[in-house]
Amino acid sequence: MTMLQLGDKKTVDYAYRVLLNLIVVVVSNFTVFGVSLASEPMRSIPGSQHASRTVPVTDNILKKFRIAPGPLTSALTTFTKESGIPLEYDSVLIEGRKTQGLAGSFSADDALHRLLDGTGLSRQPNQVGLIRVVQNSDEALGGERENLETRSMNERDVQSRTIRKVKLSEVVVRENRETQFVAEDAQSATKTNTPLIETPQSITVITRNRIVKQEIDSMAEALRYTAGVQSDTFGYEPRFTWLRFRGFDSTTDGIFKDGLKLRNPGFAISVNLEPYGAEQVDVLRGPGSFLYGQGSPGGLLNYISKRPTRKSLREVQFLAGNFQRYEGRLDFGGRLFDSDAVTFRLTGLVRESGTQVDRVPNDRVYLAPALTYHVTPNTRITFFADFQKDELGSSQALPAEGTVRFNPNGRIPASRFTAIRDIEKQNRTEWSSGYELHHAFSEHWRVLQKFRYNSMKLDGFGIFSSAFGADKRTVSRGAFGSVGSLDAISVDNQVHGYFSTGPLTHTLLAGLDFQRITVDLTQTFGAASDIDIFNRDDFGGSITAPPPVFLDEETTQWQLGTYLQDQIKIFEKIIVTVGGRYDWAKDDTKNILTRNRQKQKDQKATTRLALSYLFDIGLAPYVSYSTFFLPSIGVNPSGDEFKPEKGRQYEAGIKYQPPGSRSLLAIAIFDLTRENFIQTDPASFLSAQRGEARSRGVELEAILSFDLGVDVIANFTVLENEIQKTVIPTEKGKRLTQTPAQFGSVWINYTVPEGPAKGFMVGGGARYTGYTYSDAANTFRVPSFVVGDAVVAYTWDRFRFAVNVTNILDHEQFSCFSRGATNFCNYGQRRSVVGSLTTRW
């Protein structure tokens, strides 16, 4: 294949014209290869267990139904799955209502009538072949029941709310998403709104409801109750989010926002997204290159921003906690100009806080406006923007002797500040703006374009510990500075098609994406004075001159990729997922110090193949195969460019979602191999590309939500990994560093649903992390630990009071690493107490 020149504007323009021409050809020719694309709409409901087949609304054939009594929302989802009849309804109107259930053989019309009996709702066919669920005319509008956590004091007229066509598989976050503890579907694994039970890969969705109940203040906290993921790889870290999936690091290339990558080449900047601005967080485990291009083999995190909503939303929140934390938040949304055509969202916060380390702040200003304009019934555009400014400090690495191991001089406290006063800083400013444009050509074909420009700047300088003296008191230190900026443009164009070929129903996705990143990075390094680690007032002498510059680079990276995926459902039972992608990547690095310039180009194909089977009882076993790639920048001793890292994963699993329930249980077994990663040869001190590592394991996860007010999260991960090929003899056959062989967690909360104590919630959890090794030779073992968390909350009228405690027993936990010949350790998060008062109206 001829190499695409990514720097050639004509080539990029040509690629876009090809995609647009493809769209025009498809939608203007309603019969392709004998398949009628203008036939009756495909019936599917986002969040249902199975997308339903094309069935006339007037179908009177008797069918077997088995729908459990309970929430009407779940019952309608099950009805659509079992009948094949699409529905449309106001999600807020349905919320909180219950049905008596259904069991036996009925016509679809009779079954729906029985389900709605006694709910105050009725069925009503509309002009486009759907059945609408509406409110009985004799029912008072004031009788609506809303979720306890999101109750509004100013309920609007039901007829003014948006009627949601649940047959459409739109890439949107639904308005009732924040009331869900257990998600029904996700986009990140397929770029389509595929029910989780039909997704042939391990994925966890952290919903807004879960973020609120656990009072999540960082992305690291958000991931602590998730299978297969480590977010505290190096202990407590206020600067950025560490990510490690299935033993492999994804910190610099595994963070996405609204489906577009936030890359961080060479740690030029740092990324630490604000959880309060998230509608949900999707955690995908395993390679994602077949849809997203170059990336880590372990997985990715997709942060989905809060979206404008037609429902009026006004929230103000105040928080206070230990370490002198004070924070104010706001979240406003609703219609503009009293029109459904324009809606908005405005989210923001201001925080001033210390941390468990003396003289290390954790201050933040965050503001995120969003606006949606419904241009026509088939076209809408949402504009996003955000601004974030952080004033932080570095985590403090302390000698292992005095933290994990015994030191005759005593114990080094977690609060020990090892840097120089008034010099330590990690100041980050970032902003972005973009849009998502949706347009539906018909019931079967639609397009989506995502665009974002983002800019980040980092001004950091710190003093770090480098060695420990023989007296077991004296710590040698170094000074390190990093000033970086990053500017990126990202575009993702998608075409979605839905059609049938005989017994097969197809969900087709075609796309073309492009990303351009420019990075300026200057780093300095020098020596700093020694300190007595046990004298808390010893900060060493000041630095009289800036350390010398050892790195000054300007880097530009491009990625252009095209992808195609088809999710084929056969007889409503078998799902075959076939996907592939081809990428062209380019890197241009200019060394300002040496005036050298290095250019590198790579191209690679990646794929995914998967097979699932859907049982009527809610059981869905699956198998999948996927590949990944990641460019490796540099040359070997012979002067040849490094090949991209590559690898593959085999995964098999079973998902279980009892019909009509709000629960999901999953187990996955995987075998993941990473090849061609670069190492430094200890014999020549030159870079060599001979590394290979393997990670195998089992992940179990259950997320349950019951009508009696109980929510449960439980997960456990077993990892077996090793370095299989290496230029460092001492690490061959050893485990990956900072990676436990076992870890897991359990969380349970209970909210009183009725009675005098209605609105009272109590909850808690425990997190277990097995032992790890700090060095590649596995000679220094870090002990395992268990940490507990708790929450008490009360919701009354429009107010919510809550107290959240992290590490309730203040248990010491450590993450360690080797630096030279010395092992250093970071404390994990110590006990944190946060009280909050929220009002919504």
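Author: Strands here are DSSP E runs of at least two residues, helices are H or I runs of at least four, and both are numbered from the N terminus; two strands pair if DSSP finds at least two bridges between them. Strand 45 is joined to strand 46 (residues 822-827) by 6 bridges, and the two run antiparallel. In that pairing, Arg-819 is opposite Thr-822 of strand 46.

A word on the model: it's a predicted one, where local features need pLDDT of at least 70, side-chain atom pairs count only at pLDDT 80 or more, and totals for chains, interfaces and linings use all residues. Residues are numbered from 1 along each chain as its sequence is written, and side-chain values use heavy atoms, leaving out hydrogens and water.

Of its 841 residues, 59% are buried, meaning under 20% relative accessible area with a 1.4 Å probe, counting protein chains only. Take contacts (heavy atoms within 4.5 Å) between residues at least 6 apart in sequence: 67% of those in the protein chain join residues at least 24 apart. The chain exposes about 33100 Å², with 58% of that coming from carbon and sulfur atoms; accessible areas come from the Shrake-Rupley method with a 1.4 Å probe.

Notes: Buried < 20%, exposed > 50% of the residue type's maximum accessible area, 1.4 Å probe, protein only.
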